[in-house]
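Subject: Structure handover

Hello,

Here is the structure for your files. My notes on it follow below.

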Amino acid sequence: MPGASSLLTPRGWAWFLGLGAALVIGVPLLNALPPAGSALQLPDYLVPLLGKYLCYALLALSLDLIWGYAGILSLGHGAFFALGGYAMGMYLMRQIGTRGVYANAELPDFMVFLNWKALPWYWWGFDHFAFAALMVVLVPGVLALVFGWFAFRSRVTGVYLSIITQALTYALWLAFFRNDMGFGGNNGLTDFKDIFGFDLHASSTRRGLYVASVLALGLGYLACRFIVASKLGRLLRALRDAESRVRFLGYSVDHAKLFVFTVSAVLAGIAGALYVPQVGIINPSEFSTANSIEIAIWVAVGGRGTLLGAIIGAVAINFAKSWLTGSLPEAWLFVLGALFVLVTLAFPKGILGVTGQLRGLRGRGAPPAPVPGEEGAP
Amino acid sequence: MFRCVLSALVALLLLPSLAAAADLKQLVDQLGADDFAAKIQAVQDIGALGDGRAVAVLRSLNDGALYVTADHRVVLAQPEGDHFKTFDPLDGTPLGEAAADALDKVLVNNRLRGAIDAALGSLTLVGGRLQDRLSAAQEALKHPAADGGAALEKALAAEKDPQVRAAFALALAAARVGSGSREQRLAAVAELAQSSDPQVRSVLTQQRDAADLDPELRRAIDAALSAVEGRLKLIGFAVTLFEGLSLGSILLLAAIGLAITFGVMGIINMAHGEMIMLGAYSTFVVQQLFRAFLPPQWIDGYLLAAVPVAFLATAAVGIALERGIIRFLYGRPLETMLATWGVSLVLQQLVRSIFGATNQEVANPSWMTGGFTLIGGATFTRNRIVILIFCFAVLGALALLLRRTTLGLHMRAVTQNRDMSAAMGIATARVDALTFGLGSGIAGMAGVALSQIGNVSPNLGQIYIVDSFMVVVFGGVGSLLGTLAGAMSLGIVNKLLEPVAGAVLGKVVVLVAIILFIQKRPRGLFALKGRAAES
């Protein structure tokens, strides 16, 4: 087992399992056990909200894996997230059955509305969860594989790659807006009723989805940790810093990048699939270029190349967004814009790097550096 | 089809000499007849009389404003309270009032409306103003008269204006294709074959599909059809080409600043779209200032003033951006992208807070409104032509700047090799700031152009930003020629694909094509060669 020993330190495992247990057990318990209205009770609306943040965290994690460790800044990661979400949304649409407005057993409402006669072939199989789950992984994965193969093979790097990924999500955004694509056009997929026969609006189902999100995030974190701690992880960091040199040393740079890019897309797809049942809708706006760029700022704020930072950044910024768009809607874009500038100019290592940066400053101010064993002042 | 039957019926029932003898007033009263056949007859007769006064009568009949009195006279009536005011239908002199139950409305059905249209057409052919006569000729071409165009013949003989004469001749030929001797019809087909009016195509198609057609005539019609269609296709292609060039010129204006800054500094300015937006808002502000403080006859000049104002304003913002943020991020292009994206969010929200989220209205000056209509219904709007010219003027000025000035020399040097330029004593930091200002200023001028063809809103920049990136990626950086080729080919390909695949799908196809194109040439169409290419 290469790297298994360095996956997490014993202290790291303790933190990981403790925090995970607190999230998996504590939140549902606080929601379910105390009587409604008591000060201890976690309100019902907070559970899917937390679940949503965790999905964003998984998405940020997937971007950090490629940006922080391989230097691939994808500005189209929202596309993989949305594709996973659409696959899940299609399954949920099929679960509605005859309970739609038109009570059509064969077709979803929007197809009846558009006068479609038969279910398009790409909707076949989505009645079964197993198939949908496979598609959640396969569709983003294959797209990333094909796209990455083309891009990395011809050595499209840096800003060029960022722009091309942006074009990818823009193209999908335009395409999914079309009604004749068969994905509900502008309105997307919504009005879901239940998942595996459980009512989506019941608080128990919401707790279940929340727990699934925590588990997915935990497993995703471990998977990323495993990759970056392995020999491949070291190769990735090397090619991030000097791609040509790694290539000349005889490593297959393209394959390493392709692998990690595909894994990242799959993680993003899973995040999207968990996101959709908790927010209850998926529409083309998830493909918008602005959404995808925002993911990058979650990662940057938390701290690139740390994995943990991506999670912290995603949760913190989305919490701030929920709060600010509610109380000061005008200010949100100013804050977000300022964050972009500030984090790139002043805190390139993000929240997790701030302590190190401060220590570095202090070290520079006071010549006898009191921290042994740390890389303090340069 | 129905018109043919109708006219044949009328011709059988009524001898023209009878109609000519009848007095107009008498005929108008016949409009009050009970059955529709009689009414249609009356309308036909009125049309044949060629009296200009009849136009108003027929229009009121069409609008359902004619009524029959108890003594079988037809009057024009307007409801007023519970009774009607009546007028003479011919000259509009008031006749007094009538109770509502004393009048019967002259009912109109679709067959009668057809007859009214035909009669109105032949009436306006002679009597109307130039514009009316032209549109009557076009109407006659659309619905060729079955009688061989006797009215048109008369009108053509009386007509002096060459444009109207040509239109009459065409309509006459269209009418003669369907009737008359074989020789006459063949001659008419030959005349129609010279035309490039889309209407002629439908006239010919209609004739060809008619039953029991003479084979020689059919061959002639087929030949004429293919000639007309070939010409129409050519015109259609010219229109598409123009639309493509117009879109390309807009893309070029939007992208060229981006290409320069990318070429010189190796960074992508995500706030470039907002520079365009600021330029458009500068135009709006200049327009409002002209409206508020200058005499109204000067308003047409606002656009000329807006160009330098927009250039200077956005260039100042660009230089501030470069000095304040970007220069701290050199060597980190990805971070620069994110930081400039943040700036773009702030600028959008700032403009939204100041001007509001709604679209602002920027009027075209009078010298930019309207357009030129060519044969075949192709229209070239004047604002797009002006933008096309403006775009090339900007491109020319930029080429001069790059080739003939010291700043241009320095910019080219830094593009090719930054370290060597610095070693040769070029102040690269100053070049960077000026380049960024120049790129932003050109974006501002693009905003002036865009304000003339679209809405001015805080999101204006976002619409064009991905497209401009595509132009830069496609054309390659650091070369005006590449940007020109990239913008024009993207514009034209987009417009060529639109009718085939639809606007949205066409764009998706273009995007996918570019992503694939990058495989072949990862640095664009006109990539810099040699050491400069390896960054």
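A crossing is called left-handed if the near helix is turned anticlockwise from the far one by less than a right angle, and right-handed if clockwise. This is a predicted model, in which local features need pLDDT of at least 70 and side-chain atom pairs count only at pLDDT 80 or more, while totals for chains, interfaces and linings use all residues. Residues are numbered from 1 along each chain as its sequence is written, and chains are lettered from A and ligands numbered from 1 in the order in which they are written.

Helices here are DSSP runs (H or I, at least four residues), numbered from the N terminus.

Chain B

α14(B) (residues 302-324) passes α19(B) (residues 428-451) in a right-handed crossing. Their axes, lines fitted to C-alpha atoms over the stretch in contact, are 7 Å apart at an angle of about 140° (angles run from 0 to 180 degrees between N-to-C directions). α14(B) is therefore oblique to α19(B), a term for angles that are not under 35 degrees (roughly parallel), over 145 (roughly antiparallel) or 65 to 115 (roughly perpendicular).

Chain A

α2(A) (residues 46-70) and α7(A) (residues 203-229) pack at about 15°, with axes 8 Å apart, which makes α2(A) roughly parallel to α7(A). The crossing of α2(A) with α7(A) is left-handed.

Of the 27 residues of α10(A), 20 are buried (20 or more other C-beta atoms, placed from the backbone, within 10 Å of the residue's own). After α10(A) comes Gly280(A), with a positive phi near 85°.

Regards

Conventions: A residue is buried if 20 or more other C-beta atoms lie within 10 Å of its own, exposed if 12 or fewer, and partly exposed in between; C-beta atoms are placed from the backbone. Helices (H or I, at least four residues) and strands (E, at least two) are DSSP runs, numbered from the N terminus.
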